[in-house]
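Subject: Structure handover

Hi,

Here is the structure I promised to send over. Please open it alongside this note.

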Amino acid sequence: MDGIPSVIFFFFCNILLLTRYGSAYPLCTDSRSPFIPKSPLAFCQYSGRVCCNSTEDVELQKQFKSLNVSGYGCASLLKSTLCSRCDPFSAELYRIGSAPRVVPVLCNSTVLANSSQSQLAATDFCSKVWDECHNLSISNSPFTKDKAGSVVNSSSRLTELWESKGFFL
């Protein structure tokens, strides 16, 4: 009977270790830990630990203004996209372990149309962006890329850049 408490203790210690090391840790795109800013961010209003300081926050606000988007719904989604750089898990959003990304991983493009997850995919972030923004002109859009994958500085609509919603997603 003396061995049973030891086995139970060992089991629970292993469970605690697995939960600690099995969960994702916050990490910024520059591979540093999120921090508590000296002053709250004015544009990207995250609370707690973030990956942007006030200077970067101002730069994101300038970038947002340069988009020159007229629709409120679209503007709100584009602001969320830009501010995702400040997210404490931005390294995962931008998949820094692979090729650098201009915009975060937004869509679940691996969902098959006939799968049980297709209903969830229909309401994902990219679908919302397409629905709100596809016919609005966006200057310097983060979704605009040339054939080499670089961002093109121009004013265009998503419908001019992507054949359909399916290609955008």
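Below are the overall layout and then the disulfides.

First, the ground rules. This is a predicted model, in which local features need pLDDT of at least 70, side-chain atom pairs count only at pLDDT 80 or more, and totals for chains, interfaces and linings use all residues. Residues are numbered from 1 along each chain as its sequence is written, and side-chain values use heavy atoms, with hydrogens and water left out.

**Overall layout**

The protein has 8 helices and 2 strands. Helices here are DSSP runs of H or I with at least four residues, strands are runs of E with at least two, and both are numbered from the N terminus. The order from the N terminus is α-α-α-α-α-α-β-β-α-α.

Of the 169 residues, 30% are buried. Buried means under 20% relative accessible area, exposed means over 50%, and partly exposed lies in between, with a 1.4 Å probe and protein chains only. The accessible surface is about 11,200 Å² (Shrake-Rupley method, 1.4 Å probe). Carbon and sulfur atoms account for 58% of that surface.

Now the contacts (heavy atoms within 4.5 Å). Take those between residues at least 6 apart in sequence: 48% of them join residues at least 24 apart.

**Disulfides**

A disulfide is a covalent bond between the sulfur atoms of two cysteines. The cut-off used here is a pair of cysteine sulfur atoms within 2.5 Å. Searching the whole structure gives 4 disulfides. Details follow for some of them.

*C28 and C51.* The sulfur atoms of C28 and C51 sit 2.0 Å apart. The link is left-handed, with -85° about the S-S bond. Both C28 and C51 lie in the loop between α1 (3–22) and α2 (54–67), 23 residues apart. C28 counts as buried because its relative accessibility is 1%. C51 is buried too, at 5%.

*C44 and C83.* Here the sulfur atoms of C44 and C83 are again 2.0 Å apart. The S-S torsion is about -75°, so this disulfide is left-handed. The pair joins distant parts of the chain: C44 is in the loop between α1 and α2, while C83 is in helix α3 (residues 72–83), 39 residues apart. C44 and C83 are both buried.

*C74 and C133.* The sulfur-to-sulfur distance for C74 and C133 is 2.0 Å. The torsion is about 115°, so this disulfide is right-handed. C74 in helix α3 is linked to C133 in helix α6 (residues 125–133), 59 residues apart. C74 is buried, at 0% relative accessibility. C133 is also buried, at 0%.

Best wishes
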